[in-house]
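Here are a few exercises to work through with the model open beside you. Try each task first, then follow the solution step by step.

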Amino acid sequence: MTPGGYAGKWLDVDLSKEEIEEFSFPDETLEQYFGGRGVATKILWDRVGRRWSDLDALAPENPLIFATGPMTCYYPGARICVSGKSPVSNGVVGSTAATEFAVDIRTAGYDGVVFTGKAEKPVYLLVTDEGAELVDASHLWGLNGEKTLIKLNKEVRETLKKRKPDVGLWKEPGTMYIGPAGENMVRHAAVMAKICHAAGYGGYGSVMGSKNLKAVVAKGRGRLPAVNAPESVYLLWRKAHRDCMTNTTFRRWGTGHLGYGCGADTSSEPVRNWQEEWHDEKTMGVPHYMDRYWVKVKWSDFNCTTNCMKVSCIKAGRWKGDITDVPDYELQAYCGTNLGIFDPGDNIHISTLMDKLGHSGINCPNTMGYAAELYQRGILTENDIGFKLEWGDTEAFDRLAHMMAYREGIGDVLAEGTYRAALKIAHMKGLKPDELLKYAVHVKGIEIGAHGTRSDKDYTQDMCYAASVQGGDHTSTVTDGYSDMSGAVFQDSAVFCMFTASPSQELIFDFAKAVTGFPITVDSWRRVNGPRIVTLQKALLLMGGPDVTWEPVKDDDNPPRFYEPLPTGPYKGMVTDRERVDIRTQAYFETLGWDERGIPKKETLDRLGLSDVDPLMEKFRQ
Amino acid sequence: MVKPLWIARDPSACSGCRRCELACSMHHEGWMWPEASRIRVFMPFPGLEVPHLCSQCQDYPCVEACPVEALSTDPDYGAVIVDREKCTSCGACIRACPGTVPYLHPGDDKATICDLCGGEPECVEVCTEAGYNALTIVNEGPSVHRKLYSRNPVDTARDLAVNMFGEKGEEVIE
Ligand code: SF4
Ligand code: SF4
């Protein structure tokens, strides 16, 4: 019996040769890796494998993957997972974004797309029920995100109408695209969708740029793939939505109340490049956003009733015409407090700018905050930057974001991301790397999400980034048990949104079973499937390269700043406890069957069916 | 005698969740099939979600236009009923509709139009359940000038854009 929930076909696009083929996975692979992050990691292992350390993530050979999962479109909150070798961590990041592209690619008959090679000139991929083709995108290259989407909506609607004029009105296609940051290979650039949705972590926007791939576009008219037990799926679908609808906080505010709360209540919000994590700036309160800027307070993605999105628009003043979402907490923090900006309008402006330029709204402003701290400390000067870079100066950060996107002046250095920029600036200034790395807030090159660990009052704890195969990614933090295996790792592989996930694991796994027909349980995911995916990610992360590799133990750690006592607020003096980080990191490694330095053990690899990985781990073992 | 039952639509309240599409296709197609839903939600620009469905014009231009009498109206609720056997997929109803609402089904190529689910529309149920109320049942009679609601969704979105985004709204749809 073919497993349910899969369209059953993938697209394999060689951009250099302009060839497009179809392929499928054996049922066994799907049962083991499911979809999304899991299948992407498997593809990377199969296609790159032992050549991993030599593969430059921005070289044509890097496979760029867009992967749905079997639960995509059925379980509330449709998303897609973007992956490949990450130019930021040199490992694998499963970076998900909400987009109707996920729906259209599946209704066109495909579970995902793998791109290799590099197009001679800019192109986009267009997928319809009739198949896939590459379309010239020279006229779109250079356009910002918003304009790209406006043009594509019109152009593709017209193309489809011309091809089939008699079927009635054509809807706009599902689209993911890059802005100038991706085009110019800003290392941590995002893959964008719906003007303000992003697959932000991992830097896959720059991978698209390196391939001359401006966008992926799909319009499918088919039915969603058949599932194993339709009656159960329908009932579980109704149930899962009832859980979404009880999430009243998210329905009302999304995460938009946390821009104040994570500062004032939990002291876990980056303020001025994490020099503080507390603030009591009431201007950041959610009513200031809601009353003045929100033009739609219940905004959903496909098949979602959590509707954490709210449409923001600035209708008067100097940033008139800016449109984005909430901003959600991450961008309130990173495009706001982290830059010393506490005005909602200015915060919306920087957020909109991230969207338009195709920067990741977490990672780019982490780097900008880093630059501003170096300026504060006199390490970077007005002469280096070209202007004063003071905290809270929205216009200065606006300029810097442009310079990064277009790689001008110091922007060219900062476009390498916080970690690599730190090394470059150290070199420039003749300083020791450590003197500059001590202000860099990243793990494995991935700038840390806006949830600190020092106060220990947020969901993030001591080793949650330090031990993670996705480094600073706040959507994939780890604990010392197995629970993240059935949390982030599962959601990113089944591919649905973390904010629609039911509090009932039983419901989620019943759903998974009813869709696929696989004998899947929470327990099997925690013990076998999840660890298999993460262990393979870990192996590839260890191999890293070619420009940067991460050392076991030394780099399985928090940024130095997390060990400086909080200077202000109710949790003043608190600090992440190094001993606890070590103990719990060890416990995490042990749970997964990795040795005390985090290297997967031979017996673990054998047990997980990854024996062929073992020879490559030999050199990391002491 | 046509009973006054009509689905009032408020695109500014639409979240874009598309549960109406999923519920409609479950009911009519037996499985989730967004493009075979009798209500389709267009999004010419993010934030501008426009539910697009038949508005039961008082004079039914589609029924008039059909050369083979495949279309008729349901005597209870005034929905347009398609006789799929008779339909020749000529597209006359699509061209006659002021809002280009009917479409040819992606499966069998037959004209596809909302039938009001026999008086209890599934789309309204799920939309109401989630508290969006972008679709609500109203009992007003012909005074609502239903035909005026049969509009191209991109045109509706252009208006909505200015309503929501002010001047900037003029730029977001080409
Ligand atoms: S169910 Fe209601 S809110 Fe959701 S897409 Fe349909 S009309 Fe819009
Ligand atoms: S809206 Fe279109 S389909 Fe509906 S009655 Fe009017 S002409 Fe016919």
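A polar contact is a pair of N or O atoms within 3.5 Å; within protein, one atom must be able to donate a hydrogen and the other to accept it, and residues adjacent in sequence count only if both atoms are side-chain atoms. Before you start: this is a predicted model, where local features need pLDDT of at least 70, side-chain atom pairs count only at pLDDT 80 or more, and totals for chains, interfaces and linings use all residues. Residues are numbered from 1 along each chain as its sequence is written, chains are lettered from A and ligands numbered from 1 in the order in which they are written, and side-chain values use heavy atoms, with hydrogens and water left out.

**Exercise 1. Describe the contact between chain A and chain B.**

Step 1: Take the residues. Contact means heavy atoms within 4.5 Å, and on that basis chain A puts in 55 residues and chain B 54 residues.

Step 2: Take the area. Buried area is the accessible area (1.4 Å probe) that two parts lose on being put together, summed over both. Here it comes to about 4600 Å², with carbon and sulfur atoms giving 58%. On the chain A side, A:Leu169, A:Lys171 and A:Arg221 supply 16% of what that chain buries against chain B, more than any other three residues.

Step 3: Count the polar links. Between the two chains there are 29 residue pairs in polar contact (both at pLDDT 80 or more). Helices (H or I, at least four residues) and strands (E, at least two) are DSSP runs, numbered from the N terminus. Helix H7 (230-246) of chain A is one of the elements that give two or more residues to the side touching chain B, and H7(A) has the largest share, 8 residues.

**Exercise 2. Find salt bridges that cross from one chain to the other.**

Step 1: Set the rule. A salt bridge is a side-chain nitrogen of Lys or Arg within 4 Å of a carboxyl oxygen of Asp or Glu. Chain A and chain B share 10 salt bridges.

Step 2: Look at A:Lys296. Its partner is B:Glu49, with the closest N and O atoms 2.8 Å apart.

Step 3: Look at B:Lys168, whose side chain meets that of A:Glu146 in a salt bridge (2.5 Å, N to O). B:Lys168 sits in the segment after H5 of chain B and A:Glu146 in helix H4 of chain A, so this pair joins two chains.

**Exercise 3. Compare what surrounds the two ligands.**

Step 1: Set the rules. A residue is near a molecule if one of its heavy atoms lies within 4 Å of it. Ala, Val, Leu, Ile, Met, Phe, Trp, Tyr, Cys and Pro count as nonpolar, Asp, Glu, Lys and Arg as charged, and the others, Gly among them, as polar.

Step 2: Ligand 1 has 9 nonpolar, 2 polar and 1 charged residue around it, among them B:Cys14, B:Arg18 and B:Tyr132.

Step 3: Ligand 2 has 9 nonpolar, 3 polar and no charged residues in its shell, including B:Cys54, B:Tyr60 and B:Ser150. B:Tyr60 has a positive phi of about 40 degrees, though it is not a glycine.
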